[in-house]
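Trainee: I am new to this entry. Please walk me through how to read it.
Mentor: Gladly. Look first, then ask.

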Amino acid sequence: GRASGRAAGANADAGSQARGQPVRWDGARLVRGDPERLTLYFTGGPPGPPDEPCARAYQATAEPSGDRMTVTVRELPSAPLPPSHGCADVGYGRTVTIELPEPLRGRPVLDGATGEQRAVIDAALLLTPSWLPAGYRFVRERVEFGIDFREWAPDGPDERLLIDQGDADKLARPGFDPVVLARPVVRGVSATVWKTRLFDDSVCVSWAEGTMGHRVCTSGAPGRLLPVGELVRVADGLRG
């Protein structure tokens, strides 16, 4: 699962910046306020308490300039491993949250580890379900490629409810080789219920509201998917 970075938050001091190893991050969610905050999503080492030899902690820094904001995630130094102690080479979904030194004001955000611009999702534009089928609970989330991915599931292992939001060009239309199952009205706009031809493990409803695309999918073993009516009810019940 996705875990928050230990020692996450405010800008590090110059010494920490010099020692910390930069880590590439994949996407960010902006929460407006005073101050504004960015939650950064990336793949890192395992979370854990400071006395766990394999645990890794992270910290972020933000450096504004006139036309951009550079945000860098760093892995904090850790103690050497005990003799004969090894750590599994497994990537974990991690997050770290930073308070920005000044409002973003629409400036592009650069990843300090790579110099590349990263898409930022404005949390104020995201919708949340007001109704879910019985037994469904929140499981995980991530932000990547300019899309906010969130997932709910019941206790069983074979079913998932996926809500993806972001770039309308990527999400508002049916995906690869679609079969259209219905064209309902969702939240007052036209939507499309579809599945990929020859695949019966996922059904989605897609639509756009302005520049934001929305896609709600039921995924799992064939015969265990939510009925189309329930899927549309989830989509229609999304609220800001």
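Trainee: Is Cys54 buried or exposed?
Mentor: Start with the cut-offs: buried means under 20% relative accessible area, exposed over 50%, and partly exposed in between, with a 1.4 Å probe and protein chains only. Cys54 has 13% relative accessibility, so Cys54 counts as buried.

Trainee: What should I know about the model itself?
Mentor: It is a predicted model: local features need pLDDT of at least 70, side-chain atom pairs count only at pLDDT 80 or more, and totals for chains, interfaces and linings use all residues. Residues are numbered from 1 along each chain as its sequence is written, and side-chain values use heavy atoms, with hydrogens and water left out.

Trainee: How many disulfides does the structure hold?
Mentor: The general idea comes first. A disulfide is a covalent bond between the sulfur atoms of two cysteines. Here the test is a pair of cysteine sulfur atoms within 2.5 Å. The structure holds 2 disulfides. Number the bonded cysteines of the protein chain in sequence order, and the pairing reads 1-2, 3-4.

Trainee: Which residue forms a disulfide with Cys54?
Mentor: Cys87 does, and the two sulfur atoms are 1.9 Å apart. This pair links distant parts of the chain, 33 residues apart. Cys54 sits in the loop between β4 (37–44) and β5 (58–64). Cys87 sits in the loop between β6 (69–75) and β7 (92–99). As for the labels, helices (H or I, at least four residues) and strands (E, at least two) are DSSP runs, numbered from the N terminus.

Trainee: Why is the disulfide of Cys54 and Cys87 left-handed?
Mentor: Read the torsion about the S-S bond. It is about -90 degrees for Cys54 and Cys87, so the disulfide is left-handed. Note the cover too: Cys87 has 33% relative accessibility, so Cys87 counts as partly exposed.

Trainee: Which cysteine does a disulfide join to Cys204?
Mentor: Cys217, with an S to S distance of 2.0 Å. Cys204 lies in strand β19 (residues 202–209) and Cys217 in strand β20 (residues 212–220), so the pair ties together parts that are 13 residues apart in sequence. The S-S bond shows 105 degrees, and this link is right-handed. Both Cys204 and Cys217 are buried.

Trainee: Where is Arg56, and what does its side chain reach?
Mentor: Arg56 is in the loop between β4 and β5. Its relative accessible area is 17%, so Arg56 is buried. Now the rule for a polar contact: a pair of N or O atoms within 3.5 Å; within protein, one must be able to donate a hydrogen and the other to accept it, and residues adjacent in sequence count only if both atoms are side-chain atoms. The side chain of Arg56 reaches the backbone oxygen of Pro53 at 3.2 Å. A polar contact of 3.3 Å also joins the side chains of Arg56 and Glu75.

Trainee: In what sense do β5 and β6 pair?
Mentor: Two strands pair if DSSP finds at least two bridges between them. β5 and β6 pair in the antiparallel sense, over 7 bridges. Ala60 has Val73 in β6 as its bridge partner. A hairpin of 4 residues joins β5 to β6. β5 is mostly covered, with 5 of its 7 residues buried.

Trainee: Which residues are buried in helix α3?
Mentor: An α-helix has 3.6 residues a turn, so residues three or four places apart point the same way. In α3 (residues 228–236), the buried ones are Leu231, Val232, Val234 and Ala235. Seen down the axis of α3, they fall within an arc of 155 degrees, so they line one face of the helix. That arc is taken from the directions from the helix axis to the C-beta atoms.

Trainee: What is phi of Phe145?
Mentor: Near 55 degrees, a positive value in a residue other than glycine. Phe145 is in the loop between β12 (137–144) and β13 (147–153). Its relative accessible area is 59%, so Phe145 is exposed. Contact means heavy atoms within 4.5 Å. Not counting residues up to four places away in sequence, Phe145 touches Asp26 and Lys170.

Trainee: Which residues does a cis peptide bond join?
Mentor: Asp34 and Pro35, with omega at about 10 degrees. Pro35 lies in the loop between β3 (27–31) and β4.
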